[in-house]
Amino acid sequence: TKKKLIAGNWKMHGTLVSVRQLAEAVIDGVEKDASLLDRCDFLVCPTFIHIPAVRAVIDHNRGALRVGGQDCSPHETGAFTGDIAAPMLKDVGCSAVILGHSERRQHHAEGDQTVAAKAVQAHQAGLMTIICVGETEAQRVAGQEKTIVKQQLDGSIPAGATASNTVIAYEPVWAIGTGKTATPADVAAMHAFIRGILVGKMADGAGVRILYGGSVKPENAGELLAIPDVDGALIGGASLKADQYLAIAKAV
Ligand code: 13P
């Protein structure tokens, strides 16, 4: 079985002081329970501007924590004011990047083609991509969740994606930051569906990790992470508290 990936998406939160403290506390917690590292990989994704500070904490502690970005440009370099390129993330010590998060799809009108173009750049730069998919509440009510997720996977996963450079995160939009989680049966059904698509698409699709995201917290983590084809969690709110983030990993 695959090691679970416990990924924290810190979104637009934190200060220089608070992100350092959070990274320190996470590394402390992981080091206190060495068996955690046998079961889980740990990744945190701060804002771009906080990445070097988190990287410095990791280096200083020789900590087994990895750092990633929350987005990258679909271009390698050039006149793109305000954007951050994948090689820049690599250069400051990132090993991964979240792409196609529903908040970017929604607030920045990112479509599947853009997500795929970003993933190509990220893979070229040597970053692992966490490609996010998930239906809205209206789409689920209309019974379209599988159609939507298949469309997003088909459009967002680039040629060249493998189990070592690609992770999929299923995040039903209505479960993000709402305290609502999909039922274990719904999660099981969707993850099995995603697995089938990945196996059809990629030679090593069986090895791709599929994360669940959307109001994951210590109280529901054990149940969610025990579902077949749930290979980890993408955690928003609860990843901002070291004790909650660690408790989720301990539930594995
Ligand atoms: P919450 O865990 O706050 O619901 O956020 C989930 C998410 O969007 C992670 O990317």
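Two strands are taken to pair if DSSP finds at least two bridges between them. Helices (H or I, at least four residues) and strands (E, at least two) are DSSP runs, numbered from the N terminus. The structure is a predicted model, in which local features need pLDDT of at least 70 and side-chain atom pairs count only at pLDDT 80 or more, whereas totals for chains, interfaces and linings use all residues. Residue numbers start from 1 along each chain as its sequence is written.

In S5, Met128 is the bridge partner of Ala96. Strands S4 (residues 96-99) and S5 (residues 128-133) run parallel and are joined by 4 bridges. Both strands belong to a closed barrel of 8 strands, ordered S1-S2-S3-S4-S5-S6-S7-S8, with parallel pairing. Neighbouring strands of this sheet are turned against each other by 25° on average, direction ignored.

Helix H1 (residues 16-32) packs with helix H11 (residues 242-250) at an angle of about 35°, and their axes lie 9 Å apart. Axes are lines fitted to C-alpha atoms, for helices over the stretch in contact, and angles run from 0 to 180 degrees between N-to-C directions. The H1 residues Leu22, Ala25, Val26 and Gly29 meet Ala242, Tyr245 and Leu246 of H11 (contact: C-beta atoms, placed from the backbone, within 7 Å). By class, this contact of H1 with H11 comprises 6 nonpolar, 1 polar and no charged residues.

The ligand is surrounded by 14 residues, of which Asn9, Ile176, Ser215, Gly236 and Gly237 are the closest (C-beta atom, placed from the backbone, within 6 Å). The shell around the ligand has 5 nonpolar, 8 polar and 1 charged residues, where Ala, Val, Leu, Ile, Met, Phe, Trp, Tyr, Cys and Pro count as nonpolar, Asp, Glu, Lys and Arg as charged, and the others, Gly among them, as polar.

Key
Contact = placed C-beta atoms within 7 Å.
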